[in-house]
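Hi,

Here is the structure I said I would pass on. Have a look at it first, and my notes follow below.

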Amino acid sequence: MAIVVKRPKLKLWEQLYLPAIAKGMRVTLGHFFKIVSGKKKVTMQYPEEKWDEHLPEHYRGAPALVTDEQDRERCVACQLCEFICPPRAITIKPEEIPSDDQWAKVEKRPKAFDIDMIRCIYCGLCEEVCPEQAIFLRKDYAITGTSREEMVHDKEKLYEIGGVRVGLVNKWNELK
Amino acid sequence: MEWQIIIAATIKIIVFVFLTTLPLVAMSVWAERRVSAAIQDRVGPNRVGPFGLLQAVADGIKFLLKEDFTPNHVRKGYFWLAPALVMVPALMTCAVLPFGSKLFGEKMVIADLDVGPLFVFAVASLSVYGIVLAGWASNSKYPFLGGVRSTSQMISYEISLGLSIVPLLMIYGELNLGSIVQYQAENGWALLPLWGEGLSAKGWILAVPVFVSFIIFMTSMFAETNRLPFDLPECETELVAGYHTEYSSMKFALFFLGEYAAMIIGSGLAVTLFLGGWSLPFGWLTPESTEAAVPWWHGLIHIGTFFAKVIGLILFFIVIRWTLPRFRYDQLMRLGWVFFFEIALFNVVLTALLLWWLS
């Protein structure tokens, strides 16, 4: 059954339209004077003012690789992040760790680890899926470059952004 | 004698049209952007020059340097003619507006015509040809629809615009804008009869039809200048950009500036007719008559007053634009033909009866 929408019956005062204009102008001028007098501030003047200090804990910036307290690269080149990455920004070339290495029991490490920052959508799925807690989204958001090549973060750059994180995964330590 | 008049007129044209009105057009574009930004809790252009005041210059340079693209499918001659036809009538109406009383013994009006308001209406309505030509010459559906809408809208509101000032002319008994301002300076502004002869029962009773006239005049002015809430010729949600869809670079800018120039002239006319033109309130610094000598600093104050009032009215135009949503097309036509036309006619009769009763 069709529903009849009830239209409000306007009084003459409301039909005149002029009071409505005055009401509307009260709203717009209210905003205008609040902004002009500086009582309210919404926008930020970007290059001069930055959000950096107020970035929330959960902010998702550029993804980066981290090393652990023994300076071992956490990534074991399992490629889960490569497979889950929705825009396919991550490319990993795994390599075997030679048997005379201190961390030979880890077996694999990335030979090359590239993240194409033009493709990256900062979704954080790589961080979520990583079984080794090796990749994290940091708070860097101004990722710039003058060429497509520059926008691809290689392993070195990723470790530079990521730095060291301690005390998260202990399964490869001497303790275990 | 002849050449003196010509030189004086040339100086007035250069000063008032090219050095005052055109920069005012640029500034009102800047004001529009800053005010709309503040209304929407944004900042607006604030980088070029102090407070972004030079933004207009940057915009102008951008428009001049952009590629001037003429599509293949347009009628070239009319396509090129249309932007000029929008801009020129808007600036031509400057001729009869009294910008001030007198400065160094010269009347501060370019052409002291005895048929001021008629000249303004006659010339201002020419700008509709620019829009119609633009819509038709573009040879494309959206500009065409925009042009058609604009024609019907302008014709509808021209009538109520013309009729709305008839009561005023009946009260003043005068068509010379300079004398109208002089009358208001002595006897109270049309909307504010607080001194002189206006401060009487007659003045107060006559203020009622004047107020109705003012509302009709202002609304019709919005419709005439294609400003929101009546910007149906170019309403971007339906018609892409309306009649100037196919235009680029400076030709587009001419349409854009023409709209603002028309807005400034409209405000100037409203100020002259309803708000006492260049006169200060309560008859301060009022010259004896239109022919009396005026000290030069009085003249400067009068010019300043006129532009202060015009700028105030422009800001009102801008705030209204960012307050009200667009009308639907049938609502627009209904408002013009069913309400304003009748109210304006009734207002004329009412004023006539009141004048007859009060005399």
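In chain A, of the contacts between residues at least 6 apart in sequence, 71% join residues at least 24 apart; a contact means that two C-beta atoms, placed from the backbone, lie within 7 Å. Please keep in mind that this is a predicted model, where local features need pLDDT of at least 70, side-chain atom pairs count only at pLDDT 80 or more, and totals for chains, interfaces and linings use all residues. Residues are numbered from 1 along each chain as its sequence is written, while chains are lettered from A and ligands numbered from 1 in the order in which they are written.

Chain A has five helices and five strands (DSSP runs numbered from the N terminus: H or I of at least four residues for helices, E of at least two for strands). Its radius of gyration, taken over C-alpha atoms, is 27 Å, well over the 16 Å that the globule rule (2.2 Å times the number of residues to the power 0.38) gives for 176 residues, so chain A is more spread out than a compact globule. The C-alpha trace of chain A spans about 90 × 55 × 40 Å along its principal axes. Buried residues make up 19% of the 176 in chain A, buried meaning that 20 or more other C-beta atoms lie within 10 Å of the residue's own.

Where the chains touch, chain A gives eleven residues and chain B ten.

In chain B, the buried residues of H3 include B:Phe79, B:Leu85 and B:Met87. Among the elements covering them are helices H1 (2-39) and H11 (249-274) of chain B.

Best wishes

Methods: Buried ≥ 20, exposed ≤ 12 C-beta atoms within 10 Å, placed from the backbone.
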